[in-house]
Amino acid sequence: MSNIVIIGAGASGLMCAVQLLKSSHNVILIEKNEKCGKKLFITGKGRCNLTNYSDVEEHLSSIQSNKKFMYSSLYAFTPYDTVELFNSLGLKTKVERGNRVFPESDHSSDVIKVLKRELDRGNAELRLNTAVSRLLIREGEKPEVRGVLLAKGEKIFCDDVVVATGGKSYPSTGSTGDGYRFAISAGMDVTALSPSLVPLNSPDEDVRALQGLSLKNVSVTLKDGKKKLYSDFGEMLFTHFGVSGPVILSASAALKPEFFERPLKLHIDLKSALSLDELDKRLIRIFEENRNKEFKNSLASLFPSKLIPVMVERSGIKSFTKCSDIRKEERRGFASVIKDFEVNISGLRGFDEAVITKGGVSVKEIDPSSMESKKVRGLYFIGEVLDIDSMTGGFNLQLAWSTAAAAARHILMSS
Ligand SMILES: Cc1cc2nc3c(=O)[nH]c(=O)nc-3n(C[C@H](O)[C@H](O)[C@H](O)COP(=O)(O)OP(=O)(O)OC[C@H]3O[C@@H](n4cnc5c(N)ncnc54)[C@H](O)[C@@H]3O)c2cc1C
C-alpha cells in the first residue's frame with residue numbers, strides 16, 4: 001500500500017483522487033482553500049461546461065500548445081469517458097450548442113458535489129486550509145520524491161506526489177502558480193507564462209466610447225501586419241479598456257506577449273452576412289429613403305445608437321451632409337469601413353481576467369502516458385500547471401480530467 005499526496009483539490013486533483021479510490025492506497029488531498037473546487041465553481045458562468053461531447057480528434061485540434069503530448073492521455077480517458085464517469089457518479093448531464101456538456105441542473109456546484117461525495121465514500125483524506133510550501137526530494141542519480149512540507153511546518157512523507165495546483169489565472173480561486181515553483185525546485189523547466197482566453201486592450205479612443213456595446217454575428221480577423229493570426233465569427237463586447245466577449249477570448253488564444261512589439265489590428269466585419277456589393281445596395285436604399293435627412297440621422301436601421309457617432313466619424317462623410325448629396329465614392333468608402341472596422345490591439349489583459357494560463361511545466365520533462373516527471377521518480381504534474389492549453393467549449397477541463405486519469409492509472413499500475 002502506497003501513500004500518495006495530491007496537492008490541490010481543483011478539477012484535476014479531485015479527479016485524480018477519485019480515480020485512486022479504486023485502490024487501497026492512502027490518498028491525502030491537500031487544498032489551501034477552505035473548500036475544494038473554487039475555480040470549478042465559477043466555470044461556465046457557474047454552470048460548468050465540463051467537457052465537449054466530441055471525439056478525441058476534435059479535442060486535439062482545439063489544443064493550442066503541445067497537442068501531441070495529449071494524444072495518449074486523451075485517448076486513454078476520452079470526453080465520452082468523462083461524461084460516463086460523471087453520470088455513474090450520479091450527475092445527470094446535457095449537451096448544448098457546440099457539443100458543450102453541462103450538468104442538467106445548470107449548477108457547477110453539482111459537479112463538485114459528486115466528486116466530493118465520492119471522496120467521502122472512499123478512503124481519501126482531504127485536508128483543507130492547508131498549503132504545501134515545498135516538495136521533499138531525495139537527491140541521487142535519479143532523484144525521488146519523498147513528500148511535502150506544509151506551510152505550517154509539518155512534513156508529510158509519501159511514495160508519490162501529484163502536483164495539481166492549476167495555473168496563475170483567477171488567483172483568487174487559489175491558483176497562484178505554486179506548482180511552477182515546485183517544478184523549478186525539482187530541476188524542471190517551466191516555459192514562459194502568459195494569460196490566455198483573456199480580453200484584449202486597445203488604445204483607441206473611439207473604441208472606449210463604445211464601452212458596453214455588444215455585437216452579435218460579427219466576423220473578426222486578428223492580424224499582425226499582413227499575417228492573419230486568427231479569424232472567427234461570433235459575439236464580442238466593447239469595454240472601457242478594449243474588447244472582450246467569446247470571439248475575442250478565443251482570438252487571444254493565438255497570442256503571446258512577444259507578439260505585441262507593435263500593435264496588432266483587429267478587423268471587424270460589422271455586416272458579415274452581406275457582401276460589399278450587397279451592403280452598398282442597402283446603403284443606396286437607406287440614403288434614398290432618407291434623402292432629405294442628414295447623414296448622421298439616417299443610420300438607425302444599420303447600427304445600434306452607440307455605434308452611430310463612431311461610424312459617422314470613421315466614414316469621412318460630414319455628419320450634416322444630406323443623404324441625397326452623398327457621393328458614390330463616399331458611399332462605397334463607407335461600405336468598406338463597415339466591412340472592416342479596425343481596432344488597434346496593444347496587449348492582453350492580466351491573469352486576473354484570464355480563463356487559463358498559457359505555458360507551464362515543460363511537457364518535454366513529463367511522460368505523456370503517466371504525467372510522471374522524467375527527472376524525479378514519483379513526482380507527477382496534472383492539469384493546467386502543465387504547458388498545455390485549449391479553446392473554450394469544455395476542452396480545458398477535459399485536459400484536467402485526462403491528465404488526472406493518466407497519473408492515477410500509472411500510480412495504480414506501478415504499485
Ligand atoms: C472564469 C473561468 C471559467 C472557466 N470555465 C471553464 C469551462 O466552463 N470549461 C472548461 O473546460 N474550462 C473552464 N475554465 C478553465 C478550468 O477552470 C481550468 O482549466 C481547470 O480548473 C484547471 O484545473 P486544475 O485542477 O489544473 O486547476 P484548479 O482547478 O485551478 O485547481 C488548483 C487547486 O490547487 C490549489 N492549490 C494551489 N496551490 C496550492 C498549494 N501550494 N497547496 C495546496 N493547494 C494549492 C488551489 O487552491 C486550487 O484549488 C474556466 C476558468 C475560469 C477562470
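## Exercises on a predicted model with a ligand

Of the 36 residues around the ligand, Ser12, Glu31, Asp178, Glu384 and Leu397 come nearest; a residue counts here if one of its heavy atoms lies within 4 Å. Residues are numbered from 1 along each chain as its sequence is written, and side-chain values use heavy atoms, without hydrogens and water. The model is predicted: local features need pLDDT of at least 70, side-chain atom pairs count only at pLDDT 80 or more, and totals for chains, interfaces and linings use all residues.

**Exercise 1. Describe the shell around the ligand and its polar contacts.**

Step 1. Sort the shell by class: 15 residues are nonpolar, 16 polar and 5 charged. Ala, Val, Leu, Ile, Met, Phe, Trp, Tyr, Cys and Pro count as nonpolar, Asp, Glu, Lys and Arg as charged, and the others, Gly among them, as polar.

Step 2. Find the helices that take part. Helices H1 (11-20), H2 (38-42), H7 (178-185) and H13 each supply at least two residues of the shell. H13 gives the most, with 4 residues. Helices (H or I, at least four residues) and strands (E, at least two) are DSSP runs, numbered from the N terminus.

Step 3. List N or O pairs within 3.5 Å, the cut-off for a polar contact. Within protein, one atom must be able to donate a hydrogen and the other to accept it, and residues adjacent in sequence count only if both atoms are side-chain atoms.
- A polar side-chain atom of Asp178 is 2.7 Å from a ligand nitrogen atom.
- A backbone N or O atom of Glu384 is 2.8 Å from a ligand oxygen atom.
- A backbone N or O atom of Ala11 is 3.3 Å from a ligand oxygen atom.

Step 4. Work out the cover. The protein covers 95% of the 1,000 Å² of accessible area that the ligand has on its own. Such areas come from the Shrake-Rupley method with a 1.4 Å probe; for residues, only the protein chains shown count as cover.

**Exercise 2. Determine how the buried residues of helix H4 are arranged.**

Step 1. Pick out the buried residues of H4 (residues 67-76): Phe69, Met70, Ser73 and Leu74. Buried means under 20% relative accessible area, exposed over 50%, and partly exposed in between (1.4 Å probe, protein chains only).

Step 2. Check their directions. They cover an arc of only 110° around the axis, so they lie on the same side of H4; the arc is that of the directions from the helix axis to the C-beta atoms. An α-helix has 3.6 residues a turn, so residues three or four places apart point the same way.

Step 3. Name the packing partners: helix H3 (56-62), strand E4 (63-65) and helix H13 (395-413).

Technical notes
Contact = heavy atoms within 4.5 Å.
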